[in-house]
Amino acid sequence: MNLRSVALITVVFALFVSLTACGNQTEKLEKSGIADWVITRVENFKKDKGRLPADMHELDYYVTEGGPVFYDRDSGSKYNVSYEVGWEQYTFESDTQEWKESSVSYL
C-alpha cells in the first residue's frame, strides 16, 4: 500500500468518526430535550394529582416500543427517565434529581 492510499484511508476514517460524533451529539440534544419535557410533565402531574403517572400515556405522550425516551416508576414516589445515544445510556433519577451516564450492553 502506498503513502497516498494510507493518507486517503486516514482521511476517510477521520471523516467517518467526525460525522458519527456530530450525529450522536445532535441525537443527544434532541433526546435530552424530550427527556426534560417528560420530567417537567411528570413533576406537574405529581403536583396536580398527588401521585406519579402510571406511564407516559397519562402524560399524553405516546411512544413506540424502543423510545426515544423511557419512563419507569417504582411502587413509591421515585421514577427514572432515560434515553440512549449510541452505546451510552443517560438516566435521570428523581430521588437524587441527577443524570447518570452508563454504557449500554446489548449482549
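Start by selecting β2 and strand β3 (residues 88–93): the two pair in the antiparallel sense over six bridges. Strands here are DSSP runs of E with at least two residues, helices are runs of H or I with at least four, and both are numbered from the N terminus. Two strands count as paired if DSSP finds at least two bridges between them. Before you click on, remember that this is a predicted model, where local features need pLDDT of at least 70, side-chain atom pairs count only at pLDDT 80 or more, and totals for chains, interfaces and linings use all residues. Residues are numbered from 1 along each chain as its sequence is written, and side-chain values use heavy atoms, with hydrogens and water left out.

Now pick out Y83, and look across to β3, where Y90 stands opposite. Then go to the turn: the hairpin of β2 and β3 has two residues between the strands, and G86 there takes a positive phi near 60°.

Next, select all of strand β2 (residues 79–85).

Find R73, which stands opposite Y79 in β2. β1 and β2 also make a hairpin, this time with five residues between them.

Time to visit a helix. Select K31, which sits in helix α1 (residues 3–49). Is K31 buried or exposed? K31 is buried, with a relative accessible area of 13%. Which residues does K31 touch, not counting residues up to four places away in sequence? Show P68, V69, Y83, E84 and V85 to see them; contact means heavy atoms within 4.5 Å. Zoom in on E84, whose backbone oxygen lies 2.8 Å from a polar atom of the K31 side chain.

Last stop: two loops. Select D60, in the loop between α1 and β1. D60 counts as exposed, at 55% relative accessibility. Its phi is near 60°, a positive value in a residue other than glycine. Finish with Q97, in the loop between β3 and β4 (98–103). Q97 is not a glycine either, and has a positive phi near 60°.

How values were computed. Buried < 20%, exposed > 50% of the residue type's maximum accessible area, 1.4 Å probe, protein only. Polar contact = N/O pair within 3.5 Å; in protein donor to acceptor, adjacent residues only side chain to side chain.
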